[in-house]
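Subject: Handing over the structure

Dear colleague,

I am passing on the structure below, together with some notes on what was found in it. Please keep the view open while you read, so that you can look up each residue as it comes.

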Amino acid sequence: MISQEETNILIDKYIYNLADSNTIGEAMDGLQHLVKNGLDKQVNERIESLMKVYPDSFILCNINAWLYRQIGNKQRALIFYQQCYDIMPNKDSLEEIFNCYFWQGLYKEALPIAQRIVKDYGSSHKILVVKTLIRMSSPEEAIRIIEESLQDISTFENKFAEEALAFAGAQRCFDMGTYDKALSYANRAMDSLQIGNGKHIK
């Protein structure tokens, strides 16, 4: 079994390589390998100790957030993604903050984050606002939102938005027992899918 000292040497190497675009992929693969092999506690302890020395390190904060997300602790991941954004405001950290809220079912908290992303980084992220509103709504209200959004699909500037919305409509209609309409949405989603593979709103 690998010792803590050996683990620390590997972690330090991977963290150092995260700062280099030529080695970031290898570094992330290495960290993921350690976590998958049950060394997440050792990785976490090393990162936490380094953060005491470098509390304003974006790289350390970001990798710690990633680690907590990997092990399913979204609450801790959220704390560190927020800290990342405070250190260096950027779209990726803001999207991760949104994801932490959204996947915990905290839609009221997720919505203003999604709206800020659209305001700061453009309408290609409008789908985040819509999918949050859908989750917050009754099935009937969700269908209304989906219908309006599909009518206004050209404003989304996201090639996967139509597919995602149509799949969401198919699911809601199926759950409501309106199967003909569900089939219509599903057909639209499949037509849109011919363009490429998108992300579904579940």
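Over the protein chain the average pLDDT is 89, and 95% of the residues score at least 70. Where pLDDT is low, the predicted coordinates should not be read in detail.

This is a predicted model, in which local features need pLDDT of at least 70 and side-chain atom pairs count only at pLDDT 80 or more, while totals for chains, interfaces and linings use all residues. Residues are numbered from 1 along each chain as its sequence is written, and side-chain values use heavy atoms, with hydrogens and water left out. Helices (H or I, at least four residues) and strands (E, at least two) are DSSP runs, numbered from the N terminus.

Thr7, Asn8, Ile11, Tyr14, Ile15, Asn17 and Leu18 are buried in helix 1, where buried means under 20% relative accessible area, exposed over 50%, and partly exposed in between (1.4 Å probe, protein chains only). These buried residues of helix 1 pack against helix 2 and helix 3, with contact meaning heavy atoms within 4.5 Å.

Asn44 lies in helix 2 and is buried, with a relative accessible area of 17%. Not counting residues up to four places away in sequence, Asn44 touches Asn64, Leu67 and Tyr68.

Helix 5 covers residues 91–103 and reaches 18 Å from its first C-alpha to its last, close to the 18 Å expected. At its start, a side-chain oxygen of Asn90 reaches to within 3.2 Å of the backbone nitrogen of Asp92, and helix 5 is followed by Gly105, whose phi is positive, near 80 degrees. Among the buried residues of helix 5 are Ile97, Phe98 and Cys100, and what covers the buried residues of this helix includes helix 3, helix 4, helix 6 and helix 7.

Which residues have the most contacts inside the largest nonpolar core? They are Leu31, Ile47, Ile97 and Phe98, in a core of 41 residues; a nonpolar core is a set of buried Ala, Val, Leu, Ile, Met, Phe, Trp, Tyr and Cys residues joined through side-chain atoms within 4.5 Å. Helix 2 gives the most to this core, with 9 residues. A second, separate core of 16 residues includes Ile143, Leu165, Ala170 and Tyr185.

The structure holds 0 disulfides, a disulfide being a pair of cysteine sulfur atoms within 2.5 Å. Cys61 is in no disulfide, and the nearest cysteine sulfur, that of Cys84, is 3.5 Å away. The sulfur of Cys100 is 10 Å from the closest cysteine sulfur, in Cys84, which is too far for a bond.

Finally, Glu163 has its place in helix 9 and counts as buried, at 1% relative accessibility. The C-alpha atoms of Glu163 and Tyr185 are separated by 9.2 Å, although these residues are 22 residues apart along the chain.

With best wishes

Note on methods
Expected span 1.5 Å × (residues − 1). Polar contact = N/O pair within 3.5 Å; in protein donor to acceptor, adjacent residues only side chain to side chain. pLDDT = per-residue confidence, 0-100.
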